[in-house]
Amino acid sequence: MRLNGRSLELTADGQATVLDVLRGTLGLTGTRFGCGLGQCGACFILIDGRPAPSCDMPVWSAAEHDITTVDGLDGDPTTNRLRDAFLAEQAAQCGYCVSGMLISAAALLAVDPHPDEDAVIAALDRNLCRCGSHRRIVRAVLRAAAAGA
Amino acid sequence: MSSPAPTTALPKGLAANPRLATWVRITPAATITIAVGKVELGQGIRTALAQIAADELGVDLGQIRMLPPNTADSPNEGVTAGSMSIADSGTALRQVCAQVRALFVAAAIAEVGLDPATITVHSGVFSDRRARASTTYWELADRVDLDRPADPLAGHGPETVPRAGAEVERVVGTDVPRLDLPDKVAGRPAFIHDRVLPGQLAGRVVRPPSPAATLIEVDTAAVRALPGVVRVVRDGDFLGVVAEDEPAAGRAAAALRAAARWHEVESLPVEHDLAAYLRTGPLDSFVVDQTEPALGSPGQIRASYSRPFLAHASLAPSCGIARWDGEAVEVYSHSQGIFALRSAIATVLGLPEQQVRVEHAEGAGCYGHNGADDAAFDAVLLARAVPGHAVRLQWSRADELAWSPFGSAMVVDLAADLDPAGTVASWSADIFSQGHLARPGFEGRPGLLAAGHLGNRIEPAAPADPPLAGGAGLARNAVPIYEFPVRRVHGHRLLRTSLRTSSLRSLGAFLNVFAIESFMDELALAAGRDPLEFRLAHVRDPRAVEVITTAARRAGWPGRVGPDGAGQGIVGQGIGLARYKGTGAYCAVVAEVEAVHDVRVRRLSIAVDVGRVINPDGVRNQIEGGAIQATSWTLKERVRFDRTRITSVDWESYPILRFSEVPRVEVDVVSRPDQPSVGAGEAAQGPTAAAIGNAVTRALGLRIRDLPISRDRIIAAMNG
């Protein structure tokens, strides 16, 4: 697979998930485990630019795809703006969901650099937050979009 | 005649941990390390306490290092719960730091010759107006012995410790960004889940299929033979595996689950009739509040309110890491009470406490007594089978939703009479609930899930309640904030329980406030009065008056009731008010909902008074989060089960509020610099639920008294 812009060959346990390989084999712990069922968004990665869960994705199915993790977004100008905006808005309480939120938000801004609030909400609707930071997260994404003008 | 010696009692946490060096250590590289016993749960307490320490010491926030609390060298401040950390730890730390600074001021005068009249401290540097010399905490560190008890007579404040310079509170009271968020937003290792100790192995526990199940037999031979499996552990009904990595552990756990045969029992109540279950008993009944002479018979206006069992449903499953070294074990846990966890582990395993070391490591959001302690103990049990190796144990989503303690289902019966003027003449309440406290160590029980599964098992006791003076459990906020001349409030705790319950954010306050505030609207309607005016007529406390009028003004109370041009539904506003625990934060909420069959909360206007504010944005963040979580509880949440098994085991069977369902939230923080600081984390739960319920009634003209206010409940009310 291609991971964070580099080609990667690895031999993995046949039943391992992409998340197992990221967190375990490669030590890329920025992608979080939330449910193992593809229901919460904490483990989102970009697969060919689209956000998708990595926790229930068998690693063999990632072959020939472009995978980007939240760690791989380091240095990306849009992601930098998003991170700055998350801090400016203090858009987290526990912060466990943030990596997945950044993936969804980065994917949105890549195709729609100036989304309105409804578009942001729609883009984040598959990501769960339990602490109730939703409004701040929406504001942070809008702030990042405005900063990218 | 001599006057009595002045007595100044030390704050609770300081009296228990009186040595200054326990709290404050002058450390190299121009830093000061602060050790506290309260733990970061995603609520931002680490930042708020660092703010207090920085100001009292006269150093910059960037010079403060907050030590991760651990049982070996942090002060034991009990559990981090009940919105008490600012009041408890904040007060203790403020006093400690003031005394530390005073000792250094004295040393700077005596050793360096600084002028006592003009000495100041900035960024840890002591200087005076003559400016001939200066010194620092770090230069003086060898000459000031902090290994001494705090002086109970020193008290705190400018009158006893000359505060450096005129400026007071440089960072307290300001919106300091959270110290822990940069790592979390950058995706760096920040959580216990991310921690990797050398030689660490992966553990899994195979839980019974239902709460009362017992293991008949299990053949572990095939599991032991699987690749990557290091150990299979069985002790009574406790089953687990240790493997080389997560995929191997997952595969082994699945095989072990398939190999186990369990005897299951129908032990659970009927989910759609929890009121009957809670009332049946046996009950421990007690008086919460009663005016004399006792009320003869309850009032003629009556209503009952209920909530189901609720799950913590943290976004991350619980996780624990443990490593045995000979007879001693070190444990990492996102527990709210690392000292109680240490004691509980030592008790169950028959170890001296000194041989158990527990260090706090951050987990995902914590809203009460969740599975953190249980997962830590699971890790301890599995790691015991592989001495010298750390074992990281992570629960599954299903374990998290089915085996963490729940917040108890509750029923509240209210009755009142109105006098001819439309004022409340009498108030009566009966509250039925399981207990809300089963933390490790409470009432001498270990309170650890696996302790009830081991061969040498310790049966769990029925959950208890904190004492009334400690904020109560099922009776939390059962005494209304209003001035009612005749009151009778009784609690009834169920003693034979079939679901495990413990503390969930705000405990009984969530339903008690929902019930009281719903009933206030019902009484206002019966009296023909506006709900806001009716409340103001019954409340005298000016702080309560201020929050409710502030929220009402912000919302544009009473708003318009009727169809809304933009949406499909009918719009209405509702109010909720409470002072958390009767002694904590005041909070008023006005909800605006749009309803047809589904309720959509469009806006929450909130006013809160937490006394003196340490971090205004921290308060807003806690209130917003609490209100959004309470909206989720109110509209959607309900633990599901049949007579045998818990059936809400994933995010589809236990749905929570999504982005598209989240209301706008506006928070006004009323400033009260002259009042003690109190916590904000739980204040919004009850008032939010009540405001939503009352708004639904104003929009639709029907009253939903049983939570959650779901589509099914609304349709049933329309047809009923």
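Predicted model: local features only at pLDDT ≥ 70, side-chain atom pairs only at ≥ 80, totals over all residues.
The secondary structure behind that, still in chain B, comes to 18 helices and 25 strands, and of the 720 residues 57% count as buried. As for overall dimensions, the C-alpha atoms of chain B fill a box of roughly 85 × 75 × 60 Å along the principal axes, and the radius of gyration of chain B is 27 Å, which agrees with the value near 27 Å that a compact globule of 720 residues would have.

Turning to chain A, we have five helices and five strands, which from the N terminus run β-β-α-β-β-β-α-α-α-α. Chain A has a radius of gyration of 15 Å, close to the 15 Å from the globule rule for 149 residues, so chain A is as compact as a globular protein of that length. Of its 149 residues 58% count as buried, and residues 24 or more positions apart account for 63% of the contacts in chain A with a separation of 6 or more.

Now, where do the two chains meet? The contact takes 45 residues from chain B and 40 residues from chain A. On the side of chain B that touches chain A, the elements giving two or more residues are helix H6 (181–185), helix H8 (246–259), helix H16 (616–635) and strand S25 (664–669) of chain B, and the largest share, eight residues, comes from H16(B). By class, that side of chain B has 20 nonpolar, twelve polar and 13 charged residues.

How values were computed:
Residues numbered from 1 in each chain as written. Chains lettered and ligands numbered in written order. Helix = DSSP H or I, 4+ residues; strand = E, 2+ residues; numbered from the N terminus. Rg over C-alpha atoms; globule rule 2.2 N^0.38 Å. Buried ≥ 20, exposed ≤ 12 C-beta atoms within 10 Å, placed from the backbone. Contact = placed C-beta atoms within 7 Å. Nonpolar A, V, L, I, M, F, W, Y, C, P; charged D, E, K, R; others polar.
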